[in-house]
Amino acid sequence: MANFQLDKVHSSISFQVKHLMVSKAKGEFTQFDVEVDGDVDQLESAKVKVTVQASSIDTKNEDRDNHLRSGDFFDVENYPVITFVSESIKKVSDDDYEVTGKLTIRNVTRTETFKVEFNGQSKNPLDGSFVAGFDVEGKINREDYGLTWNAALETGGFLIGKDVKLFGSFEFVIS
């Protein structure tokens, strides 16, 4: 069993959603933690828990961020934390995995599966520590979690798409 210590400086959680039916609005969550229990050589048996502070949403637009924090979307006063807890990890190919677990947003919990790419291990030349890297991606329907606010467009369609693409890039110090 290895000790995985998240290197927050070299990790990120971001997202994108269709905007005005023609482009993508992008953002990130700046405050999160990822706990991993397991062995880097046997990832299928690992357990993962991700905790995100919903109020840390950052789209580089203060008005939009405040709207996303409001009751129309994340309602961070009542639901300050987003969580993902793994239930299974399946090896798909040499470095590719699928992690399935329970995602909770606004007190709604659903089973979701995310693709994970294991980027390998390396020795940090600055301090001699060993590190491992992972990239994660997936897609959820925001309306499944009560994030249903929207506005119809005069030209057809809606202001905001239903599908949200999620991306994570994580580096861990392994000991």
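Mentor: Please bear in mind that this is a predicted model. Let us start with Asp96, which is found in strand β8 (residues 96–105).

Trainee: Why is Asp96 called partly exposed?

Mentor: Its relative accessibility is 33%. Buried means under 20% and exposed over 50%, with partly exposed in between, so Asp96 counts as partly exposed.

Trainee: Which residues gather with Asp96 in a patch of negative charge on the surface?

Mentor: Asp94, Asp95, Glu117 and Glu137 gather there with Asp96. Asp and Glu count as negative, which is why the patch formed by these residues is described as one of negative charge.

Trainee: What makes the pair Lys60 and Glu28 a salt bridge?

Mentor: The closest N and O atoms of Lys60 and Glu28 are 3.6 Å apart. The rule asks for a side-chain nitrogen of Lys or Arg within 4 Å of a carboxyl oxygen of Asp or Glu, so this pair qualifies as a salt bridge. Lys60 lies in the loop between β6 (57–58) and α1 (62–69), and Glu28 in strand β3 (residues 23–29), so the pair ties together parts that are 32 residues apart in sequence.

Trainee: What makes Glu28, Asp58 and Lys60 a network?

Mentor: These residues are linked by salt bridges. Besides the pair with Glu28, the side chains of Lys60 and Asp58 meet in a salt bridge at 3.7 Å, N to O.

Trainee: Why is the pair Asp144 and Arg110 called a salt bridge?

Mentor: Their closest N and O atoms are 3.5 Å apart, and the limit is within 4 Å, so the pair meets it. Asp144 lies in the loop between β10 (130–141) and β11 (160–174), whereas Arg110 is in strand β9 (residues 108–123), so parts 34 residues apart in sequence are tied together. Asp144, at 30% relative accessibility, counts as partly exposed, and so does Arg110, at 36%.

Trainee: How many salt bridges does this rule give?

Mentor: The count comes to five.

How values were computed. Residues are numbered from 1 along each chain as its sequence is written. This is a predicted model: local features need pLDDT of at least 70, side-chain atom pairs count only at pLDDT 80 or more; totals for chains, interfaces and linings use all residues. Side-chain values use heavy atoms; hydrogens and water are left out. Patches are made of residues with over 30% relative accessible area and no salt bridge: like charges are joined within 9 Å, nonpolar side chains (Val, Leu, Ile, Met, Phe, Trp, Tyr) within 5 Å. Accessible areas come from the Shrake-Rupley method with a 1.4 Å probe; for residues, only the protein chains shown count as cover. The place of a charge is taken as NZ of Lys, CZ of Arg, CG of Asp or CD of Glu. Helices (H or I, at least four residues) and strands (E, at least two) are DSSP runs, numbered from the N terminus. Buried means under 20% relative accessible area, exposed over 50%, partly exposed in between (1.4 Å probe, protein chains only).
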